[in-house]
Amino acid sequence: MGIRILVVEDDGPTSQSIQQNLIKYGYTVAGSATSGEEAVAKALEVKPDLVLMGIGLQGKMDGTEAAREIQRQLQTPVIYLTAGTDDDTLAKAKVTAPYGYIVKPFQDRELHIAIEVGLYRRQVESKLLKMERWLTSMLQSMGDAVIATDLENRVTYVNALAAELLEFSETEVAGQKISEVFRIIDGDDRMQKENPAHTARREGAVFNTSEHCLLVTRSGGEKEIDYSAAPIRNEKGEASGVVIVFHEVHEASVEEAPMPPV
């Protein structure tokens with residue numbers, strides 16, 4: 001059936017021309033609309049692969065508002081068709097994260113290129129989203145607690161086990177300074193230890209605990225833990241944060257063996 005595209009344009013001749021060009025390049029016209037309200041209703045009905053959206057539509061809902069609603073309900077990529085708009089409208093358009101702009105009047109080839117680039121970007125983002133979901137699922141199912149930070153030492157990720165050990169909810173931890181939620185003390189002298197996120201970032205290498213270490217929980221309780229911390233590096237090899245992996249240490253209970261008979 002091919003790529004299905006919804007055309008939203010309130011100028012009849014322009015809409016017809018766009019639809020003819022789409023068919024010429026092998027796309028399927030999923031439908032057309034002339035207003036924002038009609039565009040939303042049509043998108044929900046036909047569920048297109050992409051929307052070509054005029055910005056300056058007549059009616060109560062302009063193209064940017066229609067695009068926002070379509071993306072909210074369907075996450076469908078949108079490419080704007082515009083003859084030039086004011087700064088306020090362009091600012092509203094940017095918020096909707098469009099997959100491109102085509103300035104009218106445009107050539108057939110420009111339309112084709114914009115659509116192909118938009119579809120390719122959508123494909124790449126879809127793959128990245130699937131990978132992110134897979135990684136999140138894997139981290140949530142790990143037997144270890146995981147917490148990650150950005151360069152400002154603010155928490156960007158925490159799995160369920162880490163939140164449970166820290167005695168916070170996952171949403172409460174997000175955005176907090178790592179030193180506010182992950183506090184450790186020496187189990188022997190009771191002195192506060194440097195946060196492993198700071199140590200790993202400063203040394204630029206994996207840092208492991210090697211002594212009796214206690215995690216101070218939100219309620220003030222203490223749990224003996226083992227941990228390791230390592231810098232998170234971007235594609236340039238530069239540190240972009242730190243990840244800490246830790247688990248609670250449970251001493252194995254050993255039953256006292258019976259005394260042999262004399």
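The notes below are grouped by topic.

This is a predicted model, in which local features need pLDDT of at least 70 and side-chain atom pairs count only at pLDDT 80 or more, while totals for chains, interfaces and linings use all residues. Residues are numbered from 1 along each chain as its sequence is written, and side-chain values use heavy atoms, with hydrogens and water left out.

**Helix H9**

- In helix H9, residues 196–203, the buried residues include Pro 196, Ala 197, Thr 199 and Ala 200 (buried means under 20% relative accessible area, exposed over 50% and partly exposed in between, with a 1.4 Å probe and protein chains only; helices are DSSP runs of H or I with at least four residues, strands runs of E with at least two, numbered from the N terminus).
- These residues cover an arc of only 165 degrees around the axis, which puts them on the same side of H9; the arc is that of the directions from the helix axis to the C-beta atoms.
- Among the elements that cover the buried residues of H9 are helix H8 (178–181), strand S8 (183–186) and strand S12 (239–248).
- After H9 comes Gly 204, with a positive phi near 65 degrees.

**Thr 217**

- Thr 217, in the loop between strand S10 (213–216) and S11, is buried, with a relative accessible area of 1%.
- Apart from neighbours within four places in sequence, Thr 217 is in contact (heavy atoms within 4.5 Å) with Leu 165, Leu 166, Glu 167, Arg 183 and Lys 223.

**Tyr 120**

- Tyr 120 lies in helix H5, residues 108–141, and counts as exposed at 55% relative accessibility.
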